[in-house]
Amino acid sequence: MSSKPEVLISCHTFEEVLEHARAHFTVIDSQNTPAHTPAELRARAAGMQGILLTGTDRVDQAFLNACASIRAVAISAVGYNTIDVDACTARGVLATNTPGILDDTTADLGFALILAAARRLGEAERYVRAGRWTHWQNDLLLGRDVHHATLGIVGMGRIGQALARRARGFDMKVCYHNRSRVPAAEEAALDAQWLPLDELLANADIVCLCLPYSSAVHHLIGAREIALMKPTALLVNIARGGIVDDAALADALAEHRIAGAGLDVFEGEPALNPRLLGLDNVVVVPHIGSATRATRVKMGLCAVNNLRAALSGETPPNLINPQALAVRRAQ
Ligand code: 8YV
């Protein structure tokens with residue numbers, strides 16, 4: 001009788017995901033482990049065949065060196081910048097992600113941040129909670145209109161497109177920047193105009209980042225790019241920390257060179273640039289783009305399915321590194 005593969009789940013997960021995982025694997029869970037240091041993660045994954053990864057846990061060279069028995073890495077996320085994919089491929093380790101499932105949930109949060117930043121909801125909430133609401137004031141907490149504003153979407157993949165569809169309901173004008181233009185029929189259906197990045201930054205009332213992180217887009221939005229934005233504009237980041245130079249953003253917000261920001265992701269999160277916390281014109285939330293129970297459960301189940309396929313000799317549905325299959329066959 002063949003024994004089940006051993007798998008580490010690196011973060012807390014939901015009962016239905018655990019149950020599904022236990023049907024296929026011998027599971028080491030992290031229900032009582034809020035976070036791992038890299039050394040703790042390596043120690044717990046040693047001897048396992050698979051790892052289901054989330055959050056800030058990283059599978060890098062050091063991890064793969066220490067955990068040579070790992071054959072598959074399944075991240076419960078669409079973004080996989082915490083995985084050294086080339087290092088996995090070189091060892092024939094299959095890496096998978098969970099695309100598609102979280103597009104609408106993440107686009108919802110994007111819109112929530114657009115509205116919160118434009119209508120100063122963070123400030124307004126702090127104002128009421130502090131007991132400062134004592135009398136009617138015509139000019140109290142005046143915000144900016146989202147309806148009929150120009151939304152500039154950077155990264156027109158599935159999440160960017162879901163955001164563009166929402167913008168239609170607010171009668172917004174949508175422009176976008178993407179390395180390659182989306183097919184003409186989709187562009188027409190989304191009623192979105194492609195612009196070079198600098199032009200988008202200069203024209204948009206709200207710039208929303210929806211692109212995946214790679215070293216090529218590190219600090220894509222820095223001091224120079226922020227300087228191109230209108231003084232009335234808002235920047236929303238639902239993509240990844242590191243795409244925005246957070247220090248340059250804090251400078252611009254402090255000097256009111258742009259009007260505000262809504263941020264779900266940060267450089268070096270969960271630690272973030274402390275200057276951002278001192279500013280009233282920024283709404284900050286702790287990387288909750290996909291955080292509804294329904295979506296996070298679906299992501300977890302999808303990651304388990306990917307891991308099951310990868311560890312039973314099948315090609316997983318969401319394989320990031322198909323080249324690893326040839327490396328594995330040659331081993
Ligand atoms: C994840 C995300 O929940 O999918 C992504 O890329 O940013 C979030 O939905 C987060 O990365 C934790 O793994």
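This is a predicted model: local features need pLDDT of at least 70, side-chain atom pairs count only at pLDDT 80 or more; totals for chains, interfaces and linings use all residues.
**The ligand**

Select the ligand and show the residues around it: T54, G55, S76, A77, V78, G79, L102, R240, H287, S290, R296 and M299. Colouring this shell by class gives four nonpolar, six polar and two charged residues.

A backbone N or O atom of V78 lies 2.7 Å from a ligand oxygen. For G79, a backbone N or O atom is 2.8 Å from an oxygen of the ligand. How much of the ligand's accessible area does the protein cover? On its own the ligand has 330 Å² of accessible area, and the protein covers 88% of that.

**Helix 1 and helix 13**

Now select residues 15-24, which form helix 1, together with residues 293-311, which form helix 13. Two packed helices are described by the angle between their axes and the distance between those axes. Here the angle is about 10° and the axes are 9 Å apart. An angle under 35 degrees counts as roughly parallel, so helix 1 and helix 13 are roughly parallel to each other.

Show side chains to see which residues make the contact. Helix 1 contributes E16, V17, H20, A21 and H24. From helix 13 come R293, V297, G300, L301, V304, N305 and R308. Sorted by class, the contact between helix 1 and helix 13 has five nonpolar, four polar and three charged residues.

**The loop with P270**

Move to P270, in the loop between strand 11 (260-263) and helix 12 (274-277). Is the peptide bond from E269 to P270 cis or trans? Display the backbone of E269 and P270: the bond between them is cis, with omega near 10°.

**The loop with L141**

The last stop is L141, in the loop that runs between helix 6 (121-129) and strand 6 (150-154). Look at the backbone here rather than the side chain. L141 is not a glycine, yet its phi is positive, at about 50°.

Definitions and conventions:
Residues are numbered from 1 along each chain as its sequence is written. Side-chain values use heavy atoms; hydrogens and water are left out. A residue is near a molecule or strand if one of its heavy atoms lies within 4 Å of it. A polar contact is a pair of N or O atoms within 3.5 Å; within protein, one must be able to donate a hydrogen and the other to accept it, and residues adjacent in sequence count only if both atoms are side-chain atoms. Accessible areas come from the Shrake-Rupley method with a 1.4 Å probe; for residues, only the protein chains shown count as cover. Ala, Val, Leu, Ile, Met, Phe, Trp, Tyr, Cys and Pro count as nonpolar, Asp, Glu, Lys and Arg as charged, and the others, Gly among them, as polar. Axes are lines fitted to C-alpha atoms, for helices over the stretch in contact, and angles run from 0 to 180 degrees between N-to-C directions. Helices (H or I, at least four residues) and strands (E, at least two) are DSSP runs, numbered from the N terminus. Angles under 35 degrees count as roughly parallel, over 145 as roughly antiparallel, 65 to 115 as roughly perpendicular and the rest as oblique. Contact means heavy atoms within 4.5 Å.
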